Amino acid sequence: MVTKWIYLPHEGDAGMRDLLGGKGANLCEMYNMGLPIPPFFIATTEGCIYYMRHKKMPPGIEKQVEQGLKFIKKQLGKSYGDPANPLLLSVRSGGKFSMPGMMDTVLNLGLNKKILSGLIKKTGNERYARDCYRRLLQMYGEVVLGVDKELFEQWITSKRKKYKVVSDAELPAKALRELGDEYEAHIKNSGQKIPTNPFKQLMTGIESVFKSWNTERAFAYRNAQRIAHDLGTAVNVQTMVFGNIDSDCGSGVMFTRDPSTGEKKLFAELLFNAQGEEVVAGTRTPLHIDELNRRKPKMYKELTNYTRKLEKRYKDMQDMEFTFEGDKLWILQTRNGKRTGPAAVRIASDMVNERLITRDEAVMQVDPALLVQCLLPRIKTGQNYDDKIVGKGLNASPGAAQGMIVFSTGRILKLIAEASRSKQPKPMMILVRNETNPDDFPGMYGSEGILTSQGGMTSHAAVVARQMGKPCVAGCKEAIVDSKKKILKLSGKTFREGDVITIDGSKGLVIDAKLELVRTPEPGKYFEDIMKWADGLRRLGVRANADNYEEAALARKLGAEGIGLCRTEHQFGGERKMLVAELILILSDENPSKARLRKLDQLVAKLLVAQREDFLGVFEAMDGLPTTIRLIDPPFHEFLPSDKDIERMIEAAKSKAEIKRIRDMGELRKSIDEANPMLGTRGCRLGIMFPIIPETQSRAIFEAACIRKKKGFDPKPEIMVPLTMEVNELRELEPIVRGTAEKVMKEQGVKVDYLYGTMIEIPRAALTSDEIAQVAEFFSFGTNDLTQTAMGISRDDTAQLLQMYVDKGLLPVDPFQVLDQRGIGRLMKICIEDARKTRPNIKLGICDIIVKI
């Protein structure tokens with residue numbers, strides 16, 4: 001049986017995304033709805049998968065493509081490759097999931113010198129025909145033949161200067177004829193040639209789109225969006241319609257609602273005398289859709305009617321592309337529109353109120369990652385920066401960001417790599433470009449925000465930034481960007497790479513100042529609607545990671561049902577770190593002097609007071625809600641100063657005794673230097689070695705709980721022992737925790753209910769859970785460490801290796817981003833089943849990782 005590689009419009013529908021890709025399935029659906037769609041056919045994702053596996057086109061696909069061409073001829077009365085009545089085609093990618101700009105497109109296939117002459121004769125419009133040929137040469141040269149694209153751009157820029165015009169649309173036929181000659185010579189000098197046979201052009205165009213599934217930028221995008229690498233892309237072969245014939249034609253992009261705010265109003269831009277890619281490329285600043293209403297009110301009404309039909313059909317905001325030739329409107333594609341987090345929750349909430357979708361559908365419509373955007377940073381109020389505003393562009397993607405100016409993706413990636421090698425935090429950077437293109441995706445992803453001098457609300461920079469949740473100011477016209485010299489000029493001031501600016505993507509502002517940002521803004525009513533409806537659906541409880549009052553209070557405000565992990569080591573910053581270091585130094589002394597023992601008592605007292613204050617705040621914020629507190633976990637060498645710290649401390653020391661104490665710390669650190677500290681003296685082992693630490697922490701926890709209980713609060717502590725591998729470790733620490741709890745409650749004259757449990761982070765603990773459950777009243781799966789220990793992979797040392805594994809298809813995703821359900825998930829299942837045999841009502845939790853459902 002011959003595999004069907006090509007599908008015609010009536011053979012597909014919206015439910016065939018796996019085979020026809022999202023774009024192709026939607027084209028079929030719109031065709032079947034009766035919308036004006038340029039005739040097309042689709043090469044399936046299975047064809048792409050075959051090509052990736054065998055490195056050649058699928059057998060028999062040529063004959064099926066010929067049948068597709070016959071279908072188009074029947075629809076239009078034109079033959080592909082006929083000079084007397086030319087038919088031009090485009091090939092566009094379309095995977096199951098939208099990947100805007102990440103794969104390749106080739107337009108105007110079917111032209112050669114003979115057909116070009118026929119097109120000029122048929123239309124009587126030499127300028128338009130030569131513009132089509134110029135575009136074919138450039139796109140086919142870049143995409144299919146891999147010819148250097150910079151020279152194409154340089155030549156067209158020089159032509160604009162020569163003929164003293166601002167845009168490509170103003171270039172006369174003579175200039176385009178010259179460009180065609182120059183482009184042909186450039187391709188020839190590169191050792192390449194565009195086939196003169198139209199059918200060969202088409203087949204190589206389809207093949208180039210299949211190839212583009214595996215480009216570097218496509219890989220990077222799929223990794224960022226957690227899209228599988230084995231899905232493949234379909235190829236949509238569609239009749240070309242032309243917005244660039246003359247000034248009565250044009251192309252545009254329309255969102256059925258505002259993708260930045262979610263407001264129910266048409267959000268669209270267009271260009272006259274332009275093809276669709278010019279609208280999104282950002283090379284020309286587009287016009288508002290009101291201009292179409294002014295010039296062509298009948299077409300505007302027809303277009304808005306289609307937006308209502310498509311929203312009703314797809315029950316979601318649509319992102320549409322359209323072209324018009326005179327008074328003839330064509331719809332080129334529709335898809336569910338990318339949007340910001342605030343827009344996502346508003347659209348979902350409004351559609352429920354409009355009875356378009358149910359509450360359950362609204363919850364499923366909002367990508368969980370978009371909810372995070374509702375909490376994006378903004379500029380803190382009360383700062384006077386009006387006189388620091390140096391530029392204003394379009395509010396392309398909301399949120400505020402600050403960082404040093406960087407002019408290229410390569411530079412951003414280099415700075416990130418340098419920081420990683422030196423174990424420094426990633427630098428805060430703003431990517432500044434004239435306009436971005438798909439190759440800039442890694443740089444956009446690594447930056448805090450994006451600023452472009454060109455482009456509109458539907459430009460590449462705007463669309464991708466909104467999807468990633470990055471602030472973006474696009475189309476800042478007064479910005480002069482010179483990437484080669486690494487200079488940005490704004491309001492008469494010159495900024496260089498490394499200078500710090502702030503951008504406000506919600507207002508479209510560029511600010512010459514390092515402003516204070518609010519990192520936890522109010523999420524608003526629409527956010528609360530979605531979260532409330534989600535609460536009615538979910539089966540799991542949701543807690544937060546929080547280590548102090550501020551974090552706990554915010555978590556509760558946002559709906560957390562308790563704290564799933566309070567990491568006590570996070571409370572040991574600054575002076576407290578030295579307090580613990582001195583405590584460990586004395587505890588490591590086999591024969592401490594009386595003076596050192598007195599010092600130990602003082603240190604324990606200070607630690608007790610400090611930790612008690614922390615827990616008083618946490619229990620106040622979490623009144624009535626459970627709070628899981630993990631006893632000290634990291635390797636204890638992390639609390640001791642590094643060699644550089646020792647040097648600085650000695651320089652600042654004021655006495656010989658202090659210098660000796662500092663040097664003793666240095667010697668202790670060297671003596672406990674472990675080859676693999678993450679599997680060394682940490683977690684419960686540290687507590688067993690130095691029992692005064694868990695005892696002090698337990699006292700701080702229960703004193704704080706009792707104090708809050710006496711003041712009318714209802715604290716619910718859950719004491720968690722980390723890194724257990726053996727039930728006897730839990731038994732060793734249990735009398736310390738429970739004994740301290742009973743002693744404190746007796747002293748305070750109040751009873752506090754609590755649980756004693758452990759974190760499952762080691763395979764042996766998971767496999768002996770029936771024994772561990774004899775002591776532990778709850779388990780919390782620490783999936784980061786469990787993944788490390790079960791897979792034998794260090795999360796901190798193998799990021800590049802894991803990325804290579806994902807790229808090669810050896811792993812479907814990074815197991816530290818998405819839980820490995822086959823391996824780690826099975827281990828967890830065994831653990832739970834065995835534990836419930838011992839303790840049927842054991843409480844279970846999971847933290848640190850995303851479970852993809």
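Two residues are in contact when heavy atoms of theirs lie within 4.5 Å of each other. This tour uses that term throughout, and the model it visits is a predicted one.

**First stop: helix α4**

Select residues 113-123, which make up helix α4. Within this helix, I115, L116, G118 and L119 are buried. How do these buried residues fall around the axis of α4? Looking down the axis, one finds them within an arc of 160 degrees, so they line one face of the helix.

Next, select K114 and K121. Both are exposed, and they sit on the face of α4 turned away from its buried side. To see what covers the buried residues, display α5 (126-143) and α8 (198-212), which are included in that cover.

Now examine the two ends of the helix. At the start of α4, a side-chain oxygen of N112 comes to within 3.1 Å of the backbone nitrogen of K114. Just after α4, G124 takes a positive phi of about 65 degrees.

Are R130 and E126 buried or partly exposed? R130 counts as buried, at 19% relative accessibility, whereas E126 is partly exposed, with a relative accessible area of 28%.

Select D104, in the loop between β3 (89-95) and β4 (105-109). This residue counts as buried, at 13% relative accessibility. Its side chain makes a polar contact with the side chain of R217, at 2.7 Å. Leaving aside neighbours within four places in sequence, the residues in contact with D104 include V91, R92, S93, V143 and S208.

Move to H10, in the loop between β1 (6-7) and α1 (17-33). H10 is partly exposed, with a relative accessible area of 48%. Which residues are in contact with H10, leaving aside its neighbours within four places in sequence? They are Y31, N32 and F71. For a sense of scale, draw a line between the C-alpha atoms of H10 and E150: they are separated by 41 Å, and the two residues are 140 places apart along the chain.

The structure holds 48 salt bridges. Select E29 and R313, which form one of them, with the closest N and O atoms 2.8 Å apart. E29 belongs to helix α1 and R313 to helix α12 (residues 297-314), so the pair ties together parts that are 284 residues apart in sequence. E29 is buried, with a relative accessible area of 12%, while R313 is partly exposed at 35%.

Then select R699 and E747, whose side chains meet in a salt bridge of 3.0 Å from N to O. This pair links distant parts of the chain, with R699 in helix α26 (residues 692-710) and E747 in helix α27 (residues 727-748), 48 residues apart. R699 counts as buried, at 18% relative accessibility.

To see a network of salt bridges, select R630, D633, R682, E761 and D785, which are linked in this way.

Most residues other than glycine have a negative phi.

**Last stop: a nonpolar patch on the surface**

Finally, select L801, M804, Y805 and L810. They form a nonpolar patch on the surface, with about 350 Å² of accessible area together. Within this group, L810 lies in the loop between α31 (799-808) and α32 (824-838). L810 is exposed, with a relative accessible area of 52%.

Key: Residues numbered from 1 in each chain as written. Predicted model: local features only at pLDDT ≥ 70, side-chain atom pairs only at ≥ 80, totals over all residues. Heavy atoms only, no water. Buried < 20%, exposed > 50% of the residue type's maximum accessible area, 1.4 Å probe, protein only. Helix = DSSP H or I, 4+ residues; strand = E, 2+ residues; numbered from the N terminus. Arc of directions from axis to C-beta. Polar contact = N/O pair within 3.5 Å; in protein donor to acceptor, adjacent residues only side chain to side chain. Patch = residues over 30% accessible without salt bridge, like charges linked within 9 Å, V, L, I, M, F, W, Y side chains within 5 Å. Areas by Shrake-Rupley, 256 points an atom, 1.4 Å probe, with all protein chains shown as cover. Salt bridge = Lys/Arg side-chain N within 4 Å of Asp/Glu carboxyl O.
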